[in-house]
Amino acid sequence: MTQAPIRVCITLGTRPEAIKLAPVIRAFQQDPTFQTQVVLTGQHREMVEQVMQLFGLQPDRDLAIMQPRQTLTSITSRSLEGLETLFQELEPQLVLVQGDTTTAFAAALAAFYQKIPVGHVEAGLRTDNLFNPYPEEANRRLISQIAQLHFAPTPLAVENLRASGVVGEVHLTGNTVIDALLTVADRQPDCPIAGLDWSRYRVLLATVHRRENWGEPLQDIAQGFLAILEAVPDAALLLPLHRNPTVREPLQALLGQHPRVFLTEPLDYSELVGAIQRSTLLLTDSGGLQEEAPSLGKPVLVLRETTERPEAVTAGTAKLIGTQADRIAQEALTLLQDPAAYAAMANAANPFGDGQASGRIVQLSRQFLGSA
Ligand code: UD1
(Lines give C-alpha, C1' and ligand atoms only; values in the text may rest on other atoms or scores of the structure.)
Protein backbone atom coordinates (compact mmCIF):
# COMPACT_ATOMS: atom_id res chain seq x y z
CA MET A 1 0.00 0.00 0.00
CA THR A 2 1.42 3.40 -0.91
CA GLN A 3 1.46 5.97 1.87
CA ALA A 4 -0.31 9.31 1.47
CA PRO A 5 2.19 12.11 0.81
CA ILE A 6 3.21 14.34 3.70
CA ARG A 7 1.60 17.79 3.48
CA VAL A 8 4.15 20.60 3.68
CA CYS A 9 3.32 24.28 3.48
CA ILE A 10 6.12 26.62 2.41
CA THR A 11 5.18 30.19 3.32
CA LEU A 12 6.78 33.35 2.04
CA GLY A 13 6.03 37.02 1.60
CA THR A 14 9.01 39.03 0.40
CA ARG A 15 11.59 38.91 -2.35
CA PRO A 16 14.50 37.53 -0.30
CA GLU A 17 12.30 34.74 1.05
CA ALA A 18 11.27 33.87 -2.52
CA ILE A 19 14.90 33.73 -3.70
CA LYS A 20 16.07 31.64 -0.76
CA LEU A 21 13.04 29.32 -0.81
CA ALA A 22 12.87 28.80 -4.59
CA PRO A 23 15.45 25.98 -4.55
CA VAL A 24 13.81 24.50 -1.43
CA ILE A 25 10.38 24.50 -3.10
CA ARG A 26 11.91 22.83 -6.16
CA ALA A 27 13.55 20.15 -4.04
CA PHE A 28 10.33 19.38 -2.13
CA GLN A 29 8.29 19.30 -5.34
CA GLN A 30 10.68 16.75 -6.84
CA ASP A 31 10.28 14.42 -3.86
CA PRO A 32 7.14 12.24 -4.07
CA THR A 33 7.15 11.80 -0.27
CA PHE A 34 5.72 15.29 -0.05
CA GLN A 35 2.69 17.17 -1.23
CA THR A 36 4.00 20.74 -1.30
CA GLN A 37 1.81 23.83 -1.03
CA VAL A 38 3.37 27.24 -1.68
CA VAL A 39 1.57 29.97 0.24
CA LEU A 40 2.26 33.67 -0.27
CA THR A 41 1.16 36.18 2.33
CA GLY A 42 1.55 38.84 -0.35
CA GLN A 43 3.65 41.13 1.92
CA HIS A 44 5.39 42.00 -1.38
CA ARG A 45 3.68 41.86 -4.74
CA GLU A 46 5.71 42.76 -7.87
CA MET A 47 9.04 41.96 -6.19
CA VAL A 48 7.93 38.40 -5.41
CA GLU A 49 6.21 37.85 -8.76
CA GLN A 50 9.54 38.50 -10.52
CA VAL A 51 11.33 35.80 -8.54
CA MET A 52 8.52 33.26 -8.85
CA GLN A 53 8.56 33.70 -12.62
CA LEU A 54 12.34 33.44 -12.87
CA PHE A 55 12.35 30.10 -11.04
CA GLY A 56 9.21 28.86 -12.84
CA LEU A 57 7.18 28.61 -9.61
CA GLN A 58 3.43 29.00 -9.11
CA PRO A 59 1.93 29.87 -5.74
CA ASP A 60 -0.92 27.62 -4.61
CA ARG A 61 -2.41 30.40 -2.46
CA ASP A 62 -1.88 34.13 -2.11
CA LEU A 63 -3.34 36.13 0.78
CA ALA A 64 -2.49 39.38 -1.08
CA ILE A 65 -2.12 41.42 2.10
CA MET A 66 0.16 44.18 0.72
CA GLN A 67 -0.95 47.78 1.20
CA PRO A 68 0.96 50.95 0.32
CA ARG A 69 3.00 52.16 3.31
CA GLN A 70 1.93 49.13 5.31
CA THR A 71 2.85 48.93 9.00
CA LEU A 72 4.41 46.03 10.87
CA THR A 73 1.17 45.55 12.79
CA SER A 74 -0.94 45.32 9.65
CA ILE A 75 1.45 42.84 8.01
CA THR A 76 1.43 40.70 11.17
CA SER A 77 -2.30 40.77 11.89
CA ARG A 78 -3.43 40.31 8.29
CA SER A 79 -1.00 37.41 7.78
CA LEU A 80 -1.95 35.73 11.07
CA GLU A 81 -5.66 35.86 10.35
CA GLY A 82 -5.31 34.70 6.76
CA LEU A 83 -2.96 31.86 7.67
CA GLU A 84 -5.18 30.60 10.48
CA THR A 85 -7.98 29.85 8.03
CA LEU A 86 -5.59 28.52 5.42
CA PHE A 87 -3.78 26.13 7.76
CA GLN A 88 -7.15 24.84 9.02
CA GLU A 89 -8.09 24.07 5.46
CA LEU A 90 -4.78 22.65 4.18
CA GLU A 91 -3.85 20.81 7.41
CA PRO A 92 -0.07 20.87 6.79
CA GLN A 93 2.07 18.46 8.81
CA LEU A 94 5.03 20.83 8.58
CA VAL A 95 5.21 24.57 7.89
CA LEU A 96 8.46 26.00 6.58
CA VAL A 97 9.38 29.65 7.07
CA GLN A 98 12.53 31.47 5.97
CA GLY A 99 14.64 34.10 7.65
CA ASP A 100 13.39 37.02 9.68
CA THR A 101 10.68 38.94 7.89
CA THR A 102 7.36 39.74 9.46
CA THR A 103 5.76 37.18 7.14
CA ALA A 104 8.11 34.51 8.49
CA PHE A 105 7.31 35.41 12.09
CA ALA A 106 3.54 35.55 11.51
CA ALA A 107 3.56 32.23 9.64
CA ALA A 108 5.56 30.53 12.40
CA LEU A 109 3.16 31.87 15.03
CA ALA A 110 0.07 30.88 13.03
CA ALA A 111 1.44 27.34 12.67
CA PHE A 112 2.42 27.17 16.34
CA TYR A 113 -1.09 28.18 17.42
CA GLN A 114 -2.37 25.12 15.58
CA LYS A 115 0.43 22.95 16.96
CA ILE A 116 1.86 22.37 13.50
CA PRO A 117 5.65 21.89 13.65
CA VAL A 118 7.65 24.75 12.16
CA GLY A 119 10.88 24.34 10.20
CA HIS A 120 13.02 27.48 10.13
CA VAL A 121 15.25 27.93 7.08
CA GLU A 122 18.26 30.23 7.74
CA ALA A 123 17.95 29.89 11.50
CA GLY A 124 20.38 31.25 14.06
CA LEU A 125 21.48 34.60 12.63
CA ARG A 126 22.04 37.16 15.38
CA THR A 127 23.36 40.67 15.91
CA ASP A 128 22.43 40.75 19.62
CA ASN A 129 20.98 44.22 19.05
CA LEU A 130 17.18 44.04 19.14
CA PHE A 131 16.82 47.24 17.12
CA ASN A 132 19.43 46.58 14.47
CA PRO A 133 18.17 45.28 12.16
CA TYR A 134 14.67 46.26 13.16
CA PRO A 135 12.37 44.35 13.40
CA GLU A 136 14.31 41.39 11.95
CA GLU A 137 16.48 40.63 14.99
CA ALA A 138 13.35 40.19 17.11
CA ASN A 139 11.53 38.27 14.39
CA ARG A 140 14.23 35.62 14.05
CA ARG A 141 14.63 35.23 17.80
CA LEU A 142 10.88 34.79 18.21
CA ILE A 143 10.79 32.21 15.41
CA SER A 144 13.66 30.29 17.03
CA GLN A 145 11.60 29.87 20.20
CA ILE A 146 8.63 28.26 18.47
CA ALA A 147 10.31 26.30 15.66
CA GLN A 148 11.13 22.61 16.10
CA LEU A 149 13.47 22.17 13.15
CA HIS A 150 16.25 24.72 12.84
CA PHE A 151 18.17 24.76 9.54
CA ALA A 152 21.33 26.74 10.32
CA PRO A 153 23.38 28.09 7.41
CA THR A 154 26.78 28.18 9.16
CA PRO A 155 28.55 26.74 12.23
CA LEU A 156 28.24 30.15 13.91
CA ALA A 157 24.45 30.05 13.45
CA VAL A 158 24.43 26.57 15.07
CA GLU A 159 26.30 28.01 18.06
CA ASN A 160 23.88 30.93 18.30
CA LEU A 161 20.91 28.55 18.35
CA ARG A 162 22.46 26.42 21.08
CA ALA A 163 23.15 29.58 23.10
CA SER A 164 19.49 30.61 22.63
CA GLY A 165 18.39 27.37 24.28
CA VAL A 166 16.08 26.41 21.46
CA VAL A 167 13.82 23.37 21.59
CA GLY A 168 14.00 20.79 18.80
CA GLU A 169 16.56 19.75 16.22
CA VAL A 170 19.40 22.00 15.08
CA HIS A 171 21.04 21.09 11.77
CA LEU A 172 23.86 22.65 9.76
CA THR A 173 22.65 22.81 6.15
CA GLY A 174 24.37 25.76 4.45
CA ASN A 175 22.43 28.75 3.17
CA THR A 176 19.94 28.10 0.37
CA VAL A 177 20.87 31.46 -1.17
CA ILE A 178 23.98 29.78 -2.54
CA ASP A 179 21.81 27.09 -4.20
CA ALA A 180 19.78 29.87 -5.88
CA LEU A 181 22.83 31.95 -6.76
CA LEU A 182 24.76 29.11 -8.38
CA THR A 183 21.77 28.08 -10.49
CA VAL A 184 21.36 31.61 -11.81
CA ALA A 185 25.07 32.48 -12.14
CA ASP A 186 25.55 29.34 -14.28
CA ARG A 187 23.21 30.81 -16.87
CA GLN A 188 25.64 33.76 -17.36
CA PRO A 189 22.89 36.34 -16.95
CA ASP A 190 22.94 39.65 -18.77
CA CYS A 191 22.18 43.01 -17.16
CA PRO A 192 21.24 45.64 -19.71
CA ILE A 193 20.70 49.06 -18.10
CA ALA A 194 19.49 51.92 -20.31
CA GLY A 195 22.34 54.40 -20.86
CA LEU A 196 24.94 52.41 -18.88
CA ASP A 197 27.96 51.22 -20.85
CA TRP A 198 29.49 48.65 -18.51
CA SER A 199 32.86 48.77 -20.29
CA ARG A 200 33.22 52.52 -19.82
CA TYR A 201 32.80 52.75 -16.04
CA ARG A 202 33.81 51.10 -12.84
CA VAL A 203 30.35 50.42 -11.53
CA LEU A 204 29.39 50.62 -7.89
CA LEU A 205 26.27 48.57 -7.27
CA ALA A 206 24.26 49.89 -4.34
CA THR A 207 21.03 48.88 -2.60
CA VAL A 208 19.40 50.47 0.44
CA HIS A 209 16.10 49.60 2.06
CA ARG A 210 16.37 48.84 5.78
CA ARG A 211 14.01 50.49 8.23
CA GLU A 212 16.85 51.58 10.55
CA ASN A 213 18.35 53.52 7.59
CA TRP A 214 15.16 55.47 6.83
CA GLY A 215 15.41 59.26 7.26
CA GLU A 216 18.76 60.86 8.09
CA PRO A 217 21.00 57.82 7.46
CA LEU A 218 19.53 57.57 3.96
CA GLN A 219 20.47 61.21 3.29
CA ASP A 220 23.99 60.58 4.60
CA ILE A 221 24.37 57.51 2.44
CA ALA A 222 23.34 59.47 -0.67
CA GLN A 223 25.87 62.21 0.18
CA GLY A 224 28.56 59.55 0.54
CA PHE A 225 27.72 58.19 -2.93
CA LEU A 226 27.96 61.68 -4.45
CA ALA A 227 31.36 62.25 -2.83
CA ILE A 228 32.68 59.02 -4.41
CA LEU A 229 31.44 60.06 -7.87
CA GLU A 230 32.98 63.49 -7.42
CA ALA A 231 36.40 62.00 -6.64
CA VAL A 232 36.41 59.20 -9.22
CA PRO A 233 35.48 60.32 -12.75
CA ASP A 234 35.28 56.79 -14.19
CA ALA A 235 32.93 55.56 -11.44
CA ALA A 236 29.20 55.14 -12.00
CA LEU A 237 26.55 54.22 -9.47
CA LEU A 238 23.87 51.65 -10.27
CA LEU A 239 21.12 51.79 -7.68
CA PRO A 240 18.07 49.58 -8.21
CA LEU A 241 15.38 51.26 -6.13
CA HIS A 242 13.25 49.34 -3.69
CA ARG A 243 9.51 49.71 -4.32
CA ASN A 244 8.96 51.29 -0.94
CA PRO A 245 8.16 55.00 -1.42
CA THR A 246 9.78 55.86 1.94
CA VAL A 247 13.09 54.73 0.46
CA ARG A 248 12.79 55.60 -3.21
CA GLU A 249 11.52 59.17 -2.94
CA PRO A 250 14.50 60.66 -1.02
CA LEU A 251 17.01 58.70 -3.13
CA GLN A 252 15.40 59.94 -6.35
CA ALA A 253 15.44 63.53 -5.04
CA LEU A 254 19.11 63.40 -3.95
CA LEU A 255 20.67 61.34 -6.73
CA GLY A 256 18.27 61.43 -9.68
CA GLN A 257 19.98 64.29 -11.54
CA HIS A 258 23.57 63.04 -11.51
CA PRO A 259 24.72 61.93 -14.99
CA ARG A 260 26.63 58.92 -13.62
CA VAL A 261 23.85 57.68 -11.34
CA PHE A 262 21.59 55.00 -12.78
CA LEU A 263 18.43 54.60 -10.73
CA THR A 264 16.35 51.66 -11.89
CA GLU A 265 13.33 49.66 -10.80
CA PRO A 266 14.17 46.56 -8.73
CA LEU A 267 16.22 44.29 -10.99
CA ASP A 268 15.00 40.77 -11.39
CA TYR A 269 17.23 38.26 -9.61
CA SER A 270 19.05 37.10 -12.72
CA GLU A 271 19.83 40.71 -13.73
CA LEU A 272 20.98 41.39 -10.20
CA VAL A 273 23.41 38.46 -10.35
CA GLY A 274 24.60 39.76 -13.76
CA ALA A 275 25.07 43.20 -12.21
CA ILE A 276 27.12 41.81 -9.29
CA GLN A 277 29.34 39.97 -11.76
CA ARG A 278 29.97 43.16 -13.77
CA SER A 279 30.38 45.55 -10.82
CA THR A 280 33.62 46.61 -9.18
CA LEU A 281 32.24 47.03 -5.70
CA LEU A 282 29.00 46.70 -3.74
CA LEU A 283 27.58 49.13 -1.19
CA THR A 284 24.53 47.71 0.53
CA ASP A 285 22.42 47.26 3.62
CA SER A 286 20.97 43.99 2.28
CA GLY A 287 21.66 40.67 3.95
CA GLY A 288 21.44 38.56 0.79
CA LEU A 289 24.03 40.61 -1.07
CA GLN A 290 26.48 40.09 1.80
CA GLU A 291 26.16 36.38 1.07
CA GLU A 292 26.13 36.54 -2.73
CA ALA A 293 28.98 38.99 -3.36
CA PRO A 294 31.71 36.98 -1.59
CA SER A 295 30.74 33.94 -3.66
CA LEU A 296 31.29 36.01 -6.79
CA GLY A 297 34.55 37.57 -5.57
CA LYS A 298 33.28 41.14 -5.09
CA PRO A 299 34.09 43.36 -2.10
CA VAL A 300 31.07 44.54 -0.11
CA LEU A 301 30.89 47.68 2.01
CA VAL A 302 28.00 47.14 4.41
CA LEU A 303 25.97 50.29 5.10
CA ARG A 304 24.96 49.24 8.60
CA GLU A 305 26.19 49.42 12.19
CA THR A 306 25.80 45.67 12.79
CA THR A 307 25.74 42.50 10.77
CA GLU A 308 24.27 39.08 11.47
CA ARG A 309 26.65 37.74 8.82
CA PRO A 310 30.11 38.20 10.39
CA GLU A 311 31.30 35.21 8.32
CA ALA A 312 31.78 37.52 5.31
CA VAL A 313 33.70 40.03 7.44
CA THR A 314 35.90 37.24 8.81
CA ALA A 315 36.48 35.93 5.29
CA GLY A 316 37.76 39.44 4.45
CA THR A 317 35.25 40.16 1.68
CA ALA A 318 32.86 42.43 3.60
CA LYS A 319 33.45 45.44 5.82
CA LEU A 320 30.94 47.12 8.14
CA ILE A 321 31.15 50.85 7.52
CA GLY A 322 27.90 52.38 8.86
CA THR A 323 26.06 55.26 7.20
CA GLN A 324 28.24 58.38 7.66
CA ALA A 325 28.95 60.10 4.32
CA ASP A 326 32.68 60.68 5.03
CA ARG A 327 33.31 57.10 6.03
CA ILE A 328 31.46 55.71 3.02
CA ALA A 329 33.47 57.90 0.64
CA GLN A 330 36.78 57.14 2.34
CA GLU A 331 36.29 53.34 2.36
CA ALA A 332 35.11 53.24 -1.26
CA LEU A 333 37.95 55.50 -2.44
CA THR A 334 40.51 53.27 -0.76
CA LEU A 335 39.19 50.30 -2.72
CA LEU A 336 38.94 52.22 -5.98
CA GLN A 337 42.38 53.83 -5.73
CA ASP A 338 44.52 51.17 -4.06
CA PRO A 339 44.79 47.94 -6.07
CA ALA A 340 46.33 46.07 -3.14
CA ALA A 341 43.44 47.02 -0.83
CA TYR A 342 40.99 45.95 -3.54
CA ALA A 343 42.73 42.64 -4.19
CA ALA A 344 42.72 41.86 -0.47
CA MET A 345 38.91 42.04 -0.38
CA ALA A 346 38.06 40.58 -3.79
CA ASN A 347 38.45 36.93 -2.80
CA ALA A 348 35.97 34.41 -3.94
CA ALA A 349 34.96 32.97 -0.58
CA ASN A 350 31.95 30.84 0.14
CA PRO A 351 31.43 30.86 3.90
CA PHE A 352 27.67 30.46 3.52
CA GLY A 353 27.28 27.13 1.81
CA ASP A 354 28.05 24.73 -1.03
CA GLY A 355 24.84 24.95 -3.05
CA GLN A 356 23.39 21.72 -1.59
CA ALA A 357 21.40 23.16 1.32
CA SER A 358 17.93 22.55 -0.17
CA GLY A 359 18.48 18.81 -0.62
CA ARG A 360 19.61 18.54 3.01
CA ILE A 361 16.52 20.41 4.20
CA VAL A 362 14.23 17.99 2.35
CA GLN A 363 16.10 14.97 3.71
CA LEU A 364 16.05 16.28 7.30
CA SER A 365 12.34 17.14 7.04
CA ARG A 366 11.62 13.61 5.88
CA GLN A 367 13.53 12.17 8.85
CA PHE A 368 11.80 14.55 11.27
CA LEU A 369 8.39 13.43 10.04
CA GLY A 370 9.37 9.79 10.40
CA SER A 371 9.39 8.96 6.72
CA ALA A 372 13.11 8.60 6.09
C1 UD1 B 1 10.69 43.60 3.96
C2 UD1 B 1 11.20 42.90 5.21
C3 UD1 B 1 12.73 42.97 5.27
C4 UD1 B 1 13.36 42.48 3.98
C5 UD1 B 1 12.76 43.28 2.82
C6 UD1 B 1 13.30 42.88 1.47
C7 UD1 B 1 9.82 43.02 7.22
C8 UD1 B 1 9.48 43.80 8.42
N9 UD1 B 1 10.71 43.58 6.41
O10 UD1 B 1 10.98 44.98 4.11
O11 UD1 B 1 13.18 42.16 6.34
O12 UD1 B 1 14.76 42.69 4.02
O13 UD1 B 1 11.33 43.04 2.82
O14 UD1 B 1 12.80 43.77 0.48
O15 UD1 B 1 9.30 41.94 7.02
N16 UD1 B 1 6.26 47.46 -2.10
C17 UD1 B 1 5.61 47.41 -3.34
N18 UD1 B 1 5.74 46.26 -4.08
C19 UD1 B 1 6.45 45.19 -3.68
C20 UD1 B 1 7.11 45.25 -2.44
C21 UD1 B 1 7.00 46.38 -1.66
O22 UD1 B 1 4.98 48.35 -3.74
O23 UD1 B 1 6.51 44.19 -4.40
C24 UD1 B 1 6.15 48.70 -1.26
C25 UD1 B 1 4.80 48.88 -0.58
O26 UD1 B 1 4.53 50.25 -0.57
C27 UD1 B 1 5.06 48.40 0.84
C28 UD1 B 1 6.48 48.85 1.02
O29 UD1 B 1 7.12 48.60 -0.22
O30 UD1 B 1 4.18 49.00 1.76
C31 UD1 B 1 7.23 48.22 2.15
O32 UD1 B 1 7.22 46.79 2.08
P33 UD1 B 1 7.51 45.96 3.44
O34 UD1 B 1 7.45 44.51 3.13
O35 UD1 B 1 6.62 46.48 4.53
O36 UD1 B 1 8.96 46.40 3.84
P37 UD1 B 1 10.38 46.11 3.16
O38 UD1 B 1 11.23 47.30 3.41
O39 UD1 B 1 10.24 45.61 1.77
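Predicted model: local features only at pLDDT ≥ 70, side-chain atom pairs only at ≥ 80, totals over all residues.
**Entry 1: exposed loop residues**

I found Lys-115 in the loop that links α4 (102-113) to β5. Its phi is near 60°, a positive value in a residue that is not glycine.

Next I checked Gln-188, in the loop between α7 (176-186) and β8. Gln-188 also has a positive phi without being a glycine, here near 50°. Its relative accessible area is 66%, so I noted Gln-188 as exposed.

I then turned to Gln-330, which sits in helix α13 (residues 325-337). Its relative accessibility is 46%, so I wrote down partly exposed.

**Entry 2: the ligand site**

Which residues are closest to the ligand? I counted 25 residues around the ligand, with His-44, Glu-46, Thr-102, Glu-136 and His-242 as the closest. I sorted the shell by type and got 8 nonpolar, 10 polar and 7 charged residues.

Glu-46 places a polar side-chain atom 2.6 Å from a nitrogen atom of the ligand. Gln-43 has a polar side-chain atom 2.9 Å from a ligand oxygen. At Thr-102 the backbone does the work for my list: one of its polar backbone atoms is 2.8 Å from an oxygen atom of the ligand. On its own the ligand would expose 750 Å², and the protein buries 95% of that.

I also asked which elements supply the shell. Helices α2 (46-54) and α3 (72-90) each give at least two residues to it. Why does the ligand lie between two domains? Domain 1 (6-174 + 356-368) and domain 2 (202-346) both contribute residues to the shell, so the ligand lies between them.

**Entry 3: the open sheet**

I traced a sheet of 7 strands, open and with parallel pairing, in the order β3-β2-β1-β4-β5-β6-β7. At its edges stand β3 (61-62) and β7 (169-172), each with a single partner strand, so one side of each has no neighbour in the sheet.

I looked at one pair in more detail. Strands β1 (residues 6-12) and β4 (residues 94-98) run parallel and are joined by 3 bridges. Cys-9 stands opposite Val-95 of β4.

**Entry 4: strand β9**

Is β9 buried or exposed? 6 of the 6 residues of β9 (residues 235-240) are buried, so the strand is largely enclosed by the rest of the structure. I checked both faces: Ala-235, Leu-237 and Leu-239 point one way, while Ala-236, Leu-238 and Pro-240 point the other way, and all are buried.

β9 pairs in parallel with β8 (residues 202-207) through 4 bridges. Within that pairing I noted Leu-238 of β9 as the bridge partner of Leu-205.

**Entry 5: cis peptide bonds**

Last, I looked at the loop between β5 (118-121) and α5 (136-146), where I found Pro-133. The bond from Asn-132 to Pro-133 is cis, with omega near 5°. Pro-135 lies in the loop between β5 and α5 too.

Methods. Residues numbered from 1 in each chain as written. Heavy atoms only, no water. Near = heavy atom within 4 Å. Polar contact = N/O pair within 3.5 Å; in protein donor to acceptor, adjacent residues only side chain to side chain. Areas by Shrake-Rupley, 256 points an atom, 1.4 Å probe, with all protein chains shown as cover. Nonpolar A, V, L, I, M, F, W, Y, C, P; charged D, E, K, R; others polar. Domains from an automatic or database assignment. Buried < 20%, exposed > 50% of the residue type's maximum accessible area, 1.4 Å probe, protein only. Pairing = 2+ DSSP bridges.
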